[in-house]
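Me: Let's go through this structure by question and answer. Please keep it brisk.

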Amino acid sequence: YYNYRKKYYSDVPIIWSHGAVFGGNENNGVITVTPLENDFYQHDINAYDDDINEIVSSQGLIGIEMDERINGIKVGGNSMFFGNIKRVVELAAKQNPYPANASSWDNVCLGTDFDGIINPAEDYNTYQKMNDIYDYLTININAFISSKPNLRPNDLALGTEKIVQKIMFQNVYNFLNKCYLKTNSVNPNT
């Protein structure tokens, strides 16, 4: 698929509307996973690192699903939801070349799948819990940034509030404007 896309549709971004991270790669049936990545749901329904790299390099979008099983959430917990977001951002930060004004946070968003989810994350099982998701992301992103991760300087300079807004709304809004409406990105709050 990726070779075909590059040959015939190289300017079309890839969308992974709702899924999660595999936490490794597959090459000719051989799966490579490091011990630190064992908490991800390692099923081929999820995106391999190579998939994530292709999506990011296409300036596409990855929606992290709110299904407990798919994103590796243990029963009653939610730690892997942010783990999936973090993995996408860390892989995006390693992309080279990367658009000058882009951020590693630009390619990830909520892919809630509330309309067809099989096993919703207990704490965030309906759209009515979006404020709770906002709070959860704020806490986790703040802690992640405070840990001084190996990201690009402009990734860290965005600040927690802007990053949460990007994940919850702005990235999808910008993507739709850029790819479907062909307008410049605008801030809907102005």
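Me: Where is the place of Tyr-8?
Reply: This is a predicted model, where local features need pLDDT of at least 70, side-chain atom pairs count only at pLDDT 80 or more, and totals for chains, interfaces and linings use all residues. Residues are numbered from 1 along each chain as its sequence is written, and side-chain values use heavy atoms, with hydrogens and water left out. Helices (H or I, at least four residues) and strands (E, at least two) are DSSP runs, numbered from the N terminus. Tyr-8 sits in residues 2-8, helix H1.

Me: Which residues form a nonpolar patch on the surface with Tyr-8?
Reply: Tyr-8 has a relative accessible area of 48%, so it is partly exposed; buried means under 20%, exposed over 50%, and partly exposed in between (1.4 Å probe, protein chains only). A patch takes residues with over 30% relative accessible area and no salt bridge, joining like charges within 9 Å and nonpolar side chains (Val, Leu, Ile, Met, Phe, Trp, Tyr) within 5 Å. Together the patch has about 440 Å² of accessible area.

Me: What pattern does the protein follow along the sequence?
Reply: There are six helices and five strands. Read along the sequence, they give α-β-β-β-α-β-α-β-α-α-α.

Me: How many of the 190 residues count as buried, in percent?
Reply: The accessible surface comes to about 10600 Å², by the Shrake-Rupley method with a 1.4 Å probe; for residues, only the protein chains shown count as cover. Carbon and sulfur atoms hold 51% of that surface. The buried share of the residues is 44%.

Me: What is the distance between the C-alpha atoms of Asp-135 and Val-164?
Reply: Asp-135 is in helix H4 and is partly exposed, with a relative accessible area of 44%. Val-164 is one of the buried residues of H6. They are 29 residues apart along the chain, yet their C-alpha atoms are separated by 9.0 Å.

Me: Which residue forms a salt bridge with Lys-6?
Reply: A salt bridge is a side-chain nitrogen of Lys or Arg within 4 Å of a carboxyl oxygen of Asp or Glu. A search of the whole structure finds three. The closest N and O atoms are 3.1 Å apart, and the partner is Glu-54.

Me: Are Arg-87 and Asp-49 buried or exposed?
Reply: Their side chains meet in a salt bridge (2.3 Å, N to O). Arg-87 lies in helix H3 and Asp-49 in helix H2, so the pair ties together parts 38 residues apart in sequence. Both Arg-87 and Asp-49 are buried.

Me: Where is the kink in H6 centred?
Reply: The bend at a residue is the angle between axes fitted to the seven residues ending there and the seven starting there. In H6 the kink is about 65 degrees. It is centred on Lys-166.

Me: Which residue forms a salt bridge with Lys-166?
Reply: Lys-166 counts as buried, at 8% relative accessibility. Its partner lies in the loop between H3 and E5, so the pair ties together parts that are 60 residues apart in sequence. The closest N and O atoms are 2.6 Å apart, and the partner is Asp-106.
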